[in-house]
Amino acid sequence: MISLGLTQPLSLSSKTFLSSAKKAVPHAPVLFIHGLDSSKHTWRNVNALLQNEGINSVSVDLRGWGSSELGDRNKFCIEEVVADVEEFVKSHNLLNDDRLILVGHSMGGRVASCYAAAYPSRIGALIIEDMDIAVRTNPVQMDESTVIGFNRSFPTKESAKIALVDAGYDEKRVEKWIDEGRLKQKDDMSWWSDVNPEARMLCYSKILTSTCGEEALQIMSSESTAEDFQCYLMKAELGSACSDSSVSDMKRILGDRLSLKEYANSYHSIHNTAQDEFVSDLMSIVKQTSSL
């Protein structure tokens with residue numbers, strides 16, 4: 001069961017994109033949650049496109065990713081991650097006065113589902129991008145002794161690459177992350193990694209190998225009509241993380257509350273590989289939700 005007992009929320013790094021005054025229209029704000037080996041940086045183009053259309057949005061770094069601290073690894077659990085998000089929402093002027101559109105990609109979709117189950121009155125609509133509720137294991141072979149206490153600050157780009165490869169990541173993958181900005185040079189000329197193998201290991205052991213995703217949907221399916229909100233599953237056609245059987249389970253649990261769409265020729269990161277269609281659909285959901 002998802003329990004929100006005693007928690008110690010961490011302060012999360014974020015970036016807010018406010019709409020232009022000319023195009024601004026009344027609408028629910030959008031909160032984006034990234035997936036594994038990622039950060040708020042992944043949403044930057046989507047944020048900008050929404051901003052140009054008059055829609056406010058916020059992207060957040062979950063604990064251990066991007067610029068957010070990991071905290072005590074021994075207390076890492078879905079309850080703590082959800083508590084972080086709630087503390088962030090409560091303290092953010094754009095998010096705390098209205099029901100929000102919550103978007104979670106991959107592992108972030110699992111977190112978003114658990115948050116929506118715990119705080120349904122906060123949610124106008126839940127969008128799960130390419131994540132099902134199946135229990136899964138880490139496909140990256142990692143040596144625990146190498147990743148525990150992983151320091152994400154490095155004196156050089158080369159030292160950052162070596163550390164991430166030693167942690168178990170493929171070298172070509174790390175090179176791609178440099179091009180994408182997941183590894184970046186800071187003003188003091190040192191290098192920082194938004195990617196954190198220790199956080200990845202913890203997310204698998206405490207979140208993705210658990211049944212919290214299914215439990216969250218079960219809770220949502222039993223909520224009173226007053227707290228109902230529509231759920232959307234956006235599924236990639238190519239290299240999707242969603243299994244057909246698990247998607248069927250999601251549809252069985254949520255029934256008509258779940259809308260499913262598969263994006264042709266898109267990969268796991270739909271918001272990047274089918275960006276125009278993703279943003280168009282998101283804008284429609286925002287407008288539809290805001291009119292209710």
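Colleague: Which are the buried residues of helix H8 (residues 212-221)?

Modeller: In this predicted model, Cys212, Gly213, Ala216, Leu217 and Met220 are the buried residues of H8.

Colleague: How do you know that the buried residues line one face of H8?

Modeller: Look down the axis of H8: the buried residues fall within an arc of 140°, so they line one face of the helix.

Colleague: And what do the buried residues of H8 pack against?

Modeller: Their partners are helices H2 and H3, strand E5 (123-129), helix H7 (197-208), strand E9 (230-236) and helix H9 (244-254).

Colleague: Let's take H2 and H3, then. Why is H2 called roughly perpendicular to H3?

Modeller: The axes of H2 (residues 78-91) and H3 (residues 107-118) come within 10 Å and cross at roughly 70°. The label covers 65 to 115 degrees, so H2 counts as roughly perpendicular to H3. As for handedness, H2 passes H3 in a right-handed crossing.

Colleague: Which residues meet where H2 touches H3?

Modeller: From H2 you get Ile78, Val81, Val82, Val85, Glu86 and Val89, and from H3 they meet Val111, Cys114, Tyr115 and Ala118. By class, that contact has nine nonpolar residues, no polar ones and one charged. Glu counts as charged, and Glu86 is on the H2 side of the contact.

Colleague: On to the backbone. What makes phi of Asp130 worth a look?

Modeller: Phi of Asp130 is near 50°, a positive value in a residue other than glycine. You'll find Asp130 in the loop between E5 and helix H4 (144-147).

Colleague: What about Met189: where is it, and what is its phi?

Modeller: Met189 is in the loop between strand E7 (183-185) and strand E8 (191-193). Its phi is near 80°, again positive in a residue other than glycine. Exposed takes over 50% relative accessible area, and Met189 has 52%, so Met189 is exposed.

Colleague: How do you know whether Leu18 is buried or exposed?

Modeller: Same test: over 50% is exposed, and Leu18 has a relative accessible area of 51%, so Leu18 is exposed. Leu18 is in the loop between strand E1 (14-17) and strand E2 (30-33).

Colleague: Which residues does Leu18 touch, leaving out those up to four places away in sequence?

Modeller: Gln51, Asn56 and Leu94. Lys186, on the other hand, is 168 residues from Leu18 in sequence and 25 Å from Leu18 in space, C-alpha to C-alpha.

Conventions:
Residues numbered from 1 in each chain as written. Predicted model: local features only at pLDDT ≥ 70, side-chain atom pairs only at ≥ 80, totals over all residues. Heavy atoms only, no water. Axes fitted to C-alpha atoms, helices over the stretch in contact; angles between N-to-C directions. Helix = DSSP H or I, 4+ residues; strand = E, 2+ residues; numbered from the N terminus. Parallel < 35°, antiparallel > 145°, perpendicular 65-115°, else oblique. Left-handed = near helix turned anticlockwise from the far one by under 90°. Contact = heavy atoms within 4.5 Å. Buried < 20%, exposed > 50% of the residue type's maximum accessible area, 1.4 Å probe, protein only. Arc of directions from axis to C-beta.
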